[in-house]
Amino acid sequence: MNLGLEGRTALVLGASGGLGSAIAIALGREGARVALAGRNVESLENTARSVEALGGAALLLPFDLADLSAIDGVVSKIEDTFGGVDILINNTGGPAPSPAAGQPVETWEKSFRAMVLSVIALTDRVLPGMREKKWGRILTSTSSGIIAPIPNLAMSNSLRSALTGWSKTLSREVAKDGITVNIVVPGRIATERVAFLDRTAATRQGVSVEEVEEKSRASIPMGRYGKPEEYADMVAFLASERASYVTGSIIRVDGGQIASI
């Protein structure tokens with residue numbers, strides 16, 4: 001299937017590893033020009049090499065999402081190099097595990113700025129160009145916690161839920177401009193973030209990491225963690241011409257783990 005991404009320009013946040021890196025590689029494989037944003041330069045370079053090995057073009061953009069003042073310059077660099085952004089992949093890191101009660105207001109503010117305001121500000125920066133071309137894809141990677149809140153991840157559950165409401169509202173505002181806006185929900189995908197959460201859970205529960213992983217796998221009908229590439233393939237499809245009538249949706253990539261309809 002030709003996804004129609006040849007020559008499109010994608011900006012992938014969190015492209016230094018995990019899901020972001022896998023998404024960047026999947027888009028590059030389909031012929032998109034990929035701008036790689038993240039804080040770890042060495043990891044961004046690794047992702048860029050993988051994209052270029054597939055014949056794709058990559059642009060490194062080291063910056064911290066919490067620095068809202070850097071957004072205009074980052075997007076301007078993409079415009080100067082590749083042209084306007086056609087595809088925006090909002091993929092941010094998650095906050096530290098925590099209960100809902102007793103968290104300092106400053107911690108909430110810092111996480112809200114990095115996880116929510118940065119995504120909104122960046123999207124607002126690229127939207128005019130998408131509207132002008134009458135084509136765009138805005139995909140926000142969140143967490144299964146927006147559907148079934150995950151214990152001890154209160155901050156992630158809350159802030160990612162805020163992005164879900166924003167995404168749905170935005171999708172209705174820009175649909176007539178040929179722009180689709182969707183949420184993608186990962187289940188237990190084998191990334192360093194999930195490995196970190198498993199280690200944290202093991203420490204909190206006083207059990208081994210292997211026990212935590214075994215319990216997690218038992219909750220997944222497919223009986224295994226997902227591969228980053230499996231998640232990335234779904235994102236690439238949603239970013240494509242083939243998904244032009246899919247908007248305002250929440251798409252799960254979870255091996256059937258989330259029990260609700």
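What is the relative accessibility of N152, and as what does N152 count?

Author: N152 has a relative accessibility of 23% and therefore counts as partly exposed; that class lies between buried, under 20% relative accessible area, and exposed, over 50%, with a 1.4 Å probe and protein chains only. The model is predicted, so local features need pLDDT of at least 70 and side-chain atom pairs count only at pLDDT 80 or more, while totals for chains, interfaces and linings use all residues. Residues are numbered from 1 along each chain as its sequence is written, and side-chain values use heavy atoms, with hydrogens and water left out.

The place of N152 is the loop between β5 and α5. Helices (H or I, at least four residues) and strands (E, at least two) are DSSP runs, numbered from the N terminus. The backbone of N152 has a phi near 65°, a positive value although the residue is not glycine. Most residues other than glycine have a negative phi.

K134 also has a positive phi without being glycine, with a value near 60°. K134 sits in the loop between α4 and β5. With a relative accessible area of 49%, K134 is partly exposed. A glycine with a positive phi is found just after α1, where G31 takes about 100°.

A salt bridge here is a side-chain nitrogen of Lys or Arg within 4 Å of a carboxyl oxygen of Asp or Glu. Searching the whole structure gives 10 of them. Side chains of opposite charge can pair when their charged atoms come close.

One of these salt bridges joins K134 to D177, with the closest N and O atoms 3.3 Å apart. This pair connects distant parts of the chain, since D177 is in the loop between α5 and β6 while K134 is in the loop between α4 and β5 (136-141), 43 residues apart. D177 also forms a salt bridge with R131, at 2.9 Å between the closest N and O atoms. R131 belongs to helix α4 and D177 to the loop between α5 (154-174) and β6 (179-186), so this pair ties together parts that are 46 residues apart in sequence. D177 counts as buried because its relative accessibility is 14%, whereas R131, at 35%, counts as partly exposed.

A further salt bridge involves R125 and E79, whose closest N and O atoms are 3.1 Å apart. Here too distant parts of the chain are linked: R125 is in helix α4 (residues 105-133) and E79 in helix α3 (residues 71-81), 46 residues apart. Both partners are partly exposed, R125 at 22% relative accessibility and E79 at a relative accessible area of 34%.

The surroundings of R125 extend beyond this pair. Taking contact as heavy atoms within 4.5 Å, and not counting residues up to four places away in sequence, R125 touches I71, D72, V75, S76 and E79. With S76, the side chain of R125 makes a polar contact of 3.3 Å. A polar contact is a pair of N or O atoms within 3.5 Å; within protein, one must be able to donate a hydrogen and the other to accept it, and residues adjacent in sequence count only if both atoms are side-chain atoms. By contrast, the C-alpha atoms of R125 and L238, 113 residues apart along the chain, are separated by 21 Å.

Two other parts complete the account. Helix α1 (residues 18-29) has 12 residues. The expected span of a helix is 1.5 Å times one less than its number of residues; for α1 that should be 16 Å, and the end C-alpha atoms are 17 Å apart, which agrees. This helix is mostly covered, since 10 of its 12 residues are buried; among them are L19, I23, I25 and L27.

G255 is in the segment after β7 (250-253) and counts as partly exposed because its relative accessibility is 28%. Leaving aside neighbours within four places in sequence, G255 is in contact with I220, P221 and M222. G255 and R188 are 67 residues apart in sequence, and their C-alpha atoms are 8.3 Å apart in space.
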